[in-house]
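Here is a friendly note to read alongside the structure. Take the points in order, and keep the viewer open as you go.

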Amino acid sequence: MELANKKISGTKIKRNLLPYYYLVPAFLIMGVITFYPLIYQVIISFTNFETKHLLLGLNSPELKFVGLKNYIDIFTGALPVENFNFFRVLEFNFWWALSNVFLHVPAGVLIAVMLNTEGLWLKKLYRALYILPVVVPPIVVATVWRNIFDEQYGAMNQLLTSISILFGHLDPVHLRWLTEYTPPIPGFLPGAPLTLAYYAMMIANFWLGWPLMSVIATGALQSIPRDLYEAAAIDGATSFQQFRNITIPLLTPAMMPAAVYGFTITFNLFGLVFFMTGGGPARSTELLVTFAYNLVRNLRWFGVAAAFAVIIFFVALVVLLITNRITRATQSYSEA
Amino acid sequence: MSANSQTPKKNLLVRFLTMNTSGQTSGRDLPLWRQLLTQILCLFILFSVMFPIMYIVTLSLSSKTTRPSSLQLIPTEISFVAYKQVLDHPTGNPVSFIQLLRNSIGLSVGVGLVALLVAVTAAYSFSRFNFKMREVLMVLVFIPLLMPGVGLATPLYLLLNQLKIVDCGQGVTALLPWFACDGGLKGRLIFNLRDSLLGVGIAITAGALPFAIWNLKGYLDTIPKELEEAAAIDGADTNQTFWKIILPLAMPQLAVTFFIGFIGNWQEFVTSWLFLSQPKDYTLAMTLYNMTGQYASSIPWNRFAAMAVIVALPVAVVYIFLQKQIVGGLTTGGVKG
């Protein structure tokens, strides 16, 4: 703003106020519909706000300030909700996001590399069709997979039946994908049982997730200079060595932000979980966001829900600080 | 990406399809056994990708109203009965498809436009001026992004729920919470902001604004400052620069931000499902949810499938046209300090 300094002081003051003028519309509106509600949320998180207080809100005579009770109840599992344990949900939530990203990114990279093979037939057709899952809105994907995993009429059990008939088993497969509580691999994740519904969701989300990673990986593969591979080949490097020492390190800077993006999206993946399992069976696939939604929409404990939202906020803050550090570390790596 | 830019202007999809295959020494033929092995793998992946899509398309083109008893992935009949039924009678309630469509479009376009209009000046201010409190205010805008949709929807539900228009009788209307009926009368509820599309729109806008501001700021940062300096030398003041230079240059990104918002709002479910109770206000996404799982014991699956295809189409079209910008905007641009 060197120009500003040359002007006379009257316009200088006006100029100094200008940036604030530009901010006024956004901050006026956000003040009313974003910041005020968020503060309101923090206030009611210390109250016993329930349905009966809906009419008068904070002016209700029988609304009580209960201090930290809502927070303590959430952490100690003292809420009168069946099968709820905050730390189990938190653990499952992290595991859910991590396990998804650790499958999607490598699968996306490997498929992108495979489709990069010179002389592969029908390459263009594959590329065109593999992108379809990215295009379908996730909310539709969730409902469709919900029906695919239907235990009576679902396509998954029908598919498994036709496969098992090939192997001579004539009984129809009748897996209770979304309702069976006994985990197929017991004790896999200590403290949080991974039910069949988790695997069903993993399958659905894998279908949804890897193609985007593949698109990003393809873009990054394109920018790797071909000479590197030629030089490596002359030096006698096998294709596996080329993959490990050229492709992977040069893909990392592009894939890391993508992985972080995938992690944050999956961490709060409300639609898929809510539509497929609703958090069940017995809250085994409940995420923080779906449980918060249950608190508001079904149980209507607004005070507890507000406290829960505040907790989610801090979890998200921690996640942000960690992922930011990871992205930054890889950025400096790419510049070096 | 910049190193290899023979075709920089093209859609990502086009580039994806026609890109050079780097990473291989040229002129060497693929051995047949490797070709076949890779083909088998590719076909298997193709099957897994196409499986749900073919399943739902086949189902939507079937005229059978019974639930599927065996797996069918290739249509044996082409019948548009299900589509016709969905378009005539989307739900069990007397609500027309047009009404649902209007609700969905109104909500997604309305929120997208309002968020954009409000965000662009703030983004400009953050991008171009250096002022006291800049960092503080930017962090303030970022804070709501950490709150999931549910977290912002809850307090808004409580606040908007208190805003009501009530008919007290004898031709008197009252606006709660500021003006109540005389004598503690409850009156007849005419309008509750919480239980209306307007209320849902307000709540979604509250969540959409911070993203729009950050996304636009990220883009405005990339517009060279020289242009404005040149304009200033020619005597343009800051307002003129904004309207005549920045805004036209930012148009493409405004469009992208709008469409990213559109895709998200088209599928919006959390807030509308929490707020709305009257079937006439329902959106297409809510209708689709009502057609699955426990709620759907009476709904034939071919109708569900037709609805799924209909809800998916607008997003699919937008995505295919703007893929490069959307993928790029989400993964690299966007939120940068």
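1. Let us start where the two chains meet. In this predicted model, 89 residues of chain B are in contact with 87 residues of chain A; two residues are in contact if their C-beta atoms, placed from the backbone, lie within 7 Å. Helix α2 (residues 32-60) of chain B gives the most to the side that touches chain A, namely 14 residues. Sorted by class, that side of chain B has 59 nonpolar, 27 polar and three charged residues. Here Ala, Val, Leu, Ile, Met, Phe, Trp, Tyr, Cys and Pro count as nonpolar, Asp, Glu, Lys and Arg as charged, and the others, Gly among them, as polar.

2. A word on reading the labels and values. Residues are numbered from 1 along each chain as its sequence is written, while chains are lettered from A and ligands numbered from 1 in the order in which they are written. Because the model is predicted, local features need pLDDT of at least 70 and side-chain atom pairs count only at pLDDT 80 or more, whereas totals for chains, interfaces and linings use all residues.

3. Now look at chain B by itself. Its secondary structure comes to 13 helices and three strands; these are DSSP runs numbered from the N terminus, with helices being H or I of at least four residues and strands E of at least two. Of the 337 residues in chain B, 40% are buried. A residue is buried if 20 or more other C-beta atoms lie within 10 Å of its own, exposed if 12 or fewer, and partly exposed in between, with C-beta atoms placed from the backbone.

4. How is chain B divided into domains? The assignment gives domain 1 (32-79) and domain 2 (97-132 + 197-331), with bounds that come from an automatic or database domain assignment. The contact between them takes nine residues from domain 1 of chain B and seven residues from domain 2 of chain B. On the domain 1 side, the residues divide into four nonpolar, three polar and two charged.

5. Finally, check two backbone angles. Most residues other than glycine have a negative phi. L122(A), however, has a positive phi near 60 degrees, and M133(B) has a positive phi of about 75 degrees. L122(A) lies in the loop between α4 (86-114) and α5 (123-130) of chain A, and M133(B) in the loop between α4 (97-128) and α5 (134-142) of chain B. L122(A) counts as partly exposed because it has 13 C-beta neighbours inside 10 Å; M133(B), with 11, counts as exposed.
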